[in-house]
Structures are given as structure tokens and as C-alpha cells.
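Open the model in your viewer and get your selection tool ready. We'll walk through it stop by stop.

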Amino acid sequence: MRYLLCPIKSGFWQVLHFILEWANLIYSFQFKTFRLLINMEFYLSEIATDFAREYGSFLYENAIDAVVSFCEENNFICWRSFEFSSYKLIEERIDRSEIFVALIDKYWTSSTWKMHEYTYASGGSARASDKKGSLVKNKIVFLVDNQEFPCCLNGCPGEIAIAHTLSELRSNLKKLAEL
């Protein structure tokens, strides 16, 4: 839960804070679909769609569409990493995310940048600073075309929901988004 508010100094901010806290209480007990100034953030670790389409699998492209459309339907923010920006920006987005989704195929596993995203989301060290990554508690790994989970990532802490089919991926997205 994140509120972008100034420190509570005036009566207006106190009233607004009270209303948001009340809305949060109602939301957490009854209305799972009610979203008031609340956006869950996802980080999608993927290889570029055109690259996947040309050299990879259509299943990969469908998995990307499944995650992006799930986020759009539920008014969630989806940080996509199909193009390299900078390690600083990548790490900031991962730190803000509640759910980390890795779409792993043979091209993903050959990318040191993708491996860094995953290890950083597991509390690994940063490349852009001296800090450690914040452990993203909810991780989903979609293994494309019978890809095996990369053995170099086995030691990363935290629970991982592993999916092999699109229906498993969608089910894991729904289950983790409700937590």
C-alpha cells in the first residue's frame, strides 16, 4: 500500500488520511476488486517480443500478452524489461514491485542482465549502488518450451511459483495478486 501524501500537518491531510485508511480497511476485508489510489506493481522480466517471435516461441509471446493484459484488466502497473535501460532504473522498478514475473526461455537464460534482475529481486547486490535488492516476496517463473529452471538461480531466497502452461501462469497471477 502506498500513499503519495505530504506529512500530515493540516486538517485537510488528516481528513484525507482518515478516508484512505478507511478505504483500505474496507478494501482488505470485503472488496478485493475495489481500487482507490491503489496500484499493485509487477515487474516483467522478458526478452524483446520481436526477438521472441523471430527466434523463439509463440508461447513466449502469449505469456507476455497474458501478464500485460492481466495487469491492464486489474489496473496494475506492469514494468516491462524487454529493452535495457540502465541498472539504476531496473533496480528502482524492482524495488517498487510486489510481484516479479520471469518468462524464462533459452534466450533469457543467456542474458546476464536478466539473471541480474532475478538475483536482485531475490535480495542480491545492486550494480548501480552499494545496496542490496529488496526481496520481492512473490515471484512467478514461467518456463517456456520445457525449459529447466536455471541451476545458477537455485540458491536465491524466497518462494517461487513455477508455471509451465498459460493456464498455470494465469492462475498464479490471480492467486498472488489476491494476497
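**Before you click**

This is a predicted model, where local features need pLDDT of at least 70 and side-chain atom pairs count only at pLDDT 80 or more, while totals for chains, interfaces and linings use all residues. Residues are numbered from 1 along each chain as its sequence is written, and side-chain values use heavy atoms, with hydrogens and water left out.

**Stop 1: the whole chain**

You have six helices and five strands to look at; helices (H or I, at least four residues) and strands (E, at least two) are DSSP runs, numbered from the N terminus. Followed along the sequence, the pattern reads α-β-α-α-β-α-β-α-β-β-α. Of the 179 residues, 41% are buried, where buried means under 20% relative accessible area, exposed over 50% and partly exposed in between (1.4 Å probe, protein chains only). Contact means heavy atoms within 4.5 Å. Among contacts between residues at least 6 apart in sequence, 64% join residues at least 24 apart.

**Stop 2: the sheet**

Now select the strands. They make an open sheet of five, in the order E2-E1-E3-E4-E5, with parallel pairing; two strands pair if DSSP finds at least two bridges between them. At the edges sit E2 (77-80) and E5 (160-163), each pairing on one side only. From one strand to the next, the twist averages 20°. That angle, like the others on this tour, uses axes, which are lines fitted to C-alpha atoms (for helices, over the stretch in contact), and runs from 0 to 180 degrees between N-to-C directions.

Step across the sheet by its bridges:

- E1 and E3 run parallel, joined by four bridges; show Phe 42 and you'll find its bridge partner Ile 99 in E3.
- E3 and E4 pair in the parallel sense over six bridges, with Leu 103 opposite Phe 142 in E4.
- E4 (residues 138-143) and E5 also pair in the parallel sense, over four bridges, and Ile 140 stands opposite Ala 161 in E5.

**Stop 3: strand E3**

Select residues 99-104, which are E3. Why is this strand largely enclosed by the rest of the structure? Six of its six residues are buried, so E3 has the rest of the structure around it. In a regular strand, side chains alternate between the two faces of the sheet. Show the side chains here: Ile 99, Val 101 and Leu 103 lie on one side, Phe 100, Ala 102 and Ile 104 on the other, and all are buried.

**Stop 4: helices H4 and H5**

Which residues make the contact? On H4 they are Tyr 87, Ile 90, Glu 91, Ile 94 and Asp 95, and on H5 they are Trp 113, His 116, Glu 117, Tyr 120 and Ala 121.

Bring the sheet back into view. H5 lies across E1, E3, E4 and E5, running at about 150° to E3. Eight of the ten residues of H5 are buried, so this helix is largely enclosed by the rest of the structure. Among those buried are Lys 114, Met 115 and Tyr 118. The cover over the buried residues of H5 includes E1, H4, E3, E4 and E5. Just past the helix, click Gly 123, which takes a positive phi of about 95°.

**Stop 5: the core**

Next, the largest nonpolar core: among its 46 residues, Phe 42, Val 101, Trp 108, Tyr 118 and Leu 169 touch the most other members. A nonpolar core here is a set of buried Ala, Val, Leu, Ile, Met, Phe, Trp, Tyr and Cys residues joined through side-chain atoms within 4.5 Å. H3 gives the most to this core, with eight residues.

Zoom in on Phe 42. Leaving aside neighbours within four places in sequence, its contacts include Phe 70, Trp 79, Val 101 and Leu 173.

**Last stop: Phe 82**

Finish in the loop between E2 and H4, where you'll find Phe 82. Is this residue buried or partly exposed? At 32% relative accessibility, Phe 82 counts as partly exposed. Select Leu 44 too: the two C-alpha atoms are separated by 8.4 Å, though the residues are 38 apart along the chain.
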